[in-house]
Amino acid sequence: MSSDKYLTVKEWQKFAKGRGYKDEALVKALTAAEKAENEGATEHLKVLFELEEQGRALLKLNKGDKKLESYLEDMYKPLKKYRKDAEKAVDKAAERESEEDGDSTAAMQHAMIPLIRAIKKGTEAQALIAVGGKDTAVLLSKKAISPSRREMMLKWLGASGGVRWIKAVCLFEENAHTFVVEGAAAGLAKKLKAALLAQVELRLNVRVRGDDPNDIDAELGEAQDEAEQEESEEDDDVTEEITASDDRGEDADEGGEHEADEQAPDPDKARFKEQLTRLAPLALAALKAGSGDVSRIRAVMDFAREKGEEHNYKAALTALERLDKLLAEHAPPPAAEPPAVDPAAAFNARLAALLPRIKDALAAGAPADLKLKVSEAGVAARKHEYDGAHALLDQAEQMLAPAGRRVDPKIAFTQTRLDWDRARKQVQAELRRLEVALLEQCKDEPDFAEISANTGLLYTLLDSLDERLIDKLDEAVNAEDPAQRQARHHEARGIVDEYLAFVRSDGLLHDIDQSDFVDIALASSLTTQLTAMARQLDSAAA
């Protein structure tokens with residue numbers, strides 16, 4: 001690289017002499033570039049990227065300096081060539097490292113993809129879970145997992161110790177990949193779901209069961225299982241291959257040869273997606289606030305995305321590393337916490353909505369206990385015991401059900417199912433209306449593309465207001481055994497209470513209701529509808 005004079009400190013100092021440039025950072029980058037040729041491809045690429053950034057930063061400080069602009073253009077021509085060479089060298093080095101390492105991590109991932117599908121079709125698998133700080137890795141195998149595989153998992157985690165190891169059995173139940181673990185289940189489902197997404201790029205429903213059958217942790221939502229997306233006969237062929245290979249004593253855990261056409265996912269791709277998801281909102285906030293060197297932030301962000309689209313994830317990750325540093329250098333003060341939902345206001349609103357019905361019921365001769373329950377709810381609210389206050393109002397609402405009118409369970413289940421399906425569709429439509437209004441108002445913003453991409457966060461509400469109630473009511477309707485029907489009935493009623501608790505406490509939901517983009521009242525509407533569903537289920541005969 002020293003053969004290109006424009007990339008040497010000597011040539012730059014000769015040009016810059018007497019011009020008064022504040023060029024310390026550029027000189028430092030040039031010095032590092034001259035040395036980096038012998039320090040490995042990855043380091044070389046980082047330094048070249050830094051050199052280009054410092055050149056652009058200097059030009060920004062000296063706008064209109066045509067001679068400087070011309071010199072930097074001459075510098076960028078060989079710089080671009082060397083950067084491409086460095087990118088290729090990084091890729092080749094990664095390939096060599098993979099070959100020398102026996103491609104063990106890739107083999108682990110490759111073997112797990114068809115095994116995950118086989119589990120869904122009824123196969124049980126052994127699992128080894130490694131939890132190290134915030135990161136988790138999981139290994140699945142049809143047979144007992146050798147202790148030697150722990151070293152490979154440590155490499156995946158990037159850890160050398162301090163890891164908690166958990167043995168489990170993985171099977172498919174309750175429409176989820178379920179890990180039956182030794183010990184407690186709490187908190188594992190979310191970690192396992194993230195680990196599987198990072199390792200095999202499948203978004204799966206995950207449940208964890210502990211030693212206690214009632215100790216269940218679940219991370220559900222809209223699973224995006226690749227097996228379901230493809231819907232092809234190839235899936236069955238792959239499953240059969242695994243079964244046949246295991247019958248021959250070939251352990252999928254050992255990375256046995258499968259004739260499936262699938263390729264192991266690139267770990268760098270998963271890291272790139274993870275880092276981009278983390279940094280994109282921060283970069284957007286910095287650009288909107290004008291915090292730091294916005295032109296450099298935008299340039300680095302665009303470069304990272306460009307390399308990601310080209311599947312050059314090494315270069316993209318290097319760019320995101322630089323972006324992280326840029327954002328850290330000019331990080332804005334932490335944003336104020338969003339105002340918490342006022343529990344007193346929520347309780348008072350619910351009580352005000354109930355009072356007309358309560359008065360009518362008392363006038364019609366309702367038992368005095370109704371008035372007592374309402375009074376006790378008011379006392380609990382004044383003591384700031386809002387959970388207890390809402391529970392007492394729940395009891396009061398149950399007492400408002402017309403005496404002697406018991407509804408056939410199947411009718412109540414079917415009607416509640418229809419009501420919840422309609423409520424979810426209404427929420428989705430309202431969120432769409434909000435999204436359209438927001439995009440219309442922001443269409444002239446320079447970062448419109450970023451805003452548009454982030455509106456998808458609105459729909460995460462539906463991850464909590466999910467379809468479990470519909471599934472549970474279908475089970476109740478189809479249950480022939482009265483005891484089973486009653487059990488599903490109680491479970492469905494518990495899900496309604498869970499939804500109500502979410503609606504009353506979720507900050508995003510209440511922020512949406514208070515937004516200025518559209519007139520919307522999701523929280524109060526959902527509370528009313530769910531309360532009616534609870535009453536409807538309570539009116540069903542046992």
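Contact here means heavy atoms within 4.5 Å, and helices (H or I, at least four residues) and strands (E, at least two) are DSSP runs numbered from the N terminus. The views below come from a predicted model, in which local features need pLDDT of at least 70, side-chain atom pairs count only at pLDDT 80 or more, and totals for chains, interfaces and linings use all residues. Residues are numbered from 1 along each chain as its sequence is written, and side-chain values use heavy atoms, with hydrogens and water left out.

**View 1. Helix α16 meets helix α22.** Let us start with a pair of helices. From α16, the residues in contact include Phe413, Trp420 and Leu431, and from α22 they include Leu526, Leu530 and Met533. By class, this contact has 11 nonpolar, 6 polar and 2 charged residues (Ala, Val, Leu, Ile, Met, Phe, Trp, Tyr, Cys and Pro count as nonpolar, Asp, Glu, Lys and Arg as charged, and the others, Gly among them, as polar). The axes of α16 (residues 409–441) and α22 (residues 522–538) come within 10 Å and cross at roughly 175°; axes are lines fitted to C-alpha atoms, for helices over the stretch in contact, and angles run from 0 to 180 degrees between N-to-C directions. The two helices are therefore roughly antiparallel, a label for angles over 145 degrees.

**View 2. Glu435 in helix α16.** Stay on this helix for a look at one residue. Glu435 counts as buried because its relative accessibility is 11%; buried means under 20% relative accessible area, exposed over 50%, and partly exposed in between (1.4 Å probe, protein chains only). Leaving aside neighbours within four places in sequence, Glu435 touches Thr455, Leu458 and Tyr459.

**View 3. The largest nonpolar core, with 38 residues.** Such a core is a set of buried Ala, Val, Leu, Ile, Met, Phe, Trp, Tyr and Cys residues joined through side-chain atoms within 4.5 Å. Ile129, Val138, Leu140, Phe179, Val181, Leu196 and Val208 touch the most other members. Among the elements that give two or more residues to this core are strand β1 (125–132), strand β2 (135–141) and helix α7 (188–200). Not counting residues up to four places away in sequence, Ile129 has contacts that include Val138, Met153, Phe179 and Leu192. A second, separate core of 33 residues includes Ala423, Leu434, Leu458 and Val518.

View 4. The structure holds 23 salt bridges (a side-chain nitrogen of Lys or Arg within 4 Å of a carboxyl oxygen of Asp or Glu). Glu52 is buried, with a relative accessible area of 12%, whereas Arg56 is partly exposed at 39%. Arg433 is partly exposed, at 36% relative accessible area.

**View 5. A salt bridge between Arg468 and Glu498.** Here the closest N and O atoms are 2.6 Å apart. The pair links distant parts of the chain, with Arg468 in helix α19 (residues 468–478) and Glu498 in helix α20 (residues 482–505), 30 residues apart. Arg468 is partly exposed at 23% relative accessibility, and Glu498 is partly exposed at 41%. Salt bridges that share partners also join Lys472, Glu475, Arg488 and Glu491 into one network.

Technical notes
Angles under 35 degrees count as roughly parallel, over 145 as roughly antiparallel, 65 to 115 as roughly perpendicular and the rest as oblique.
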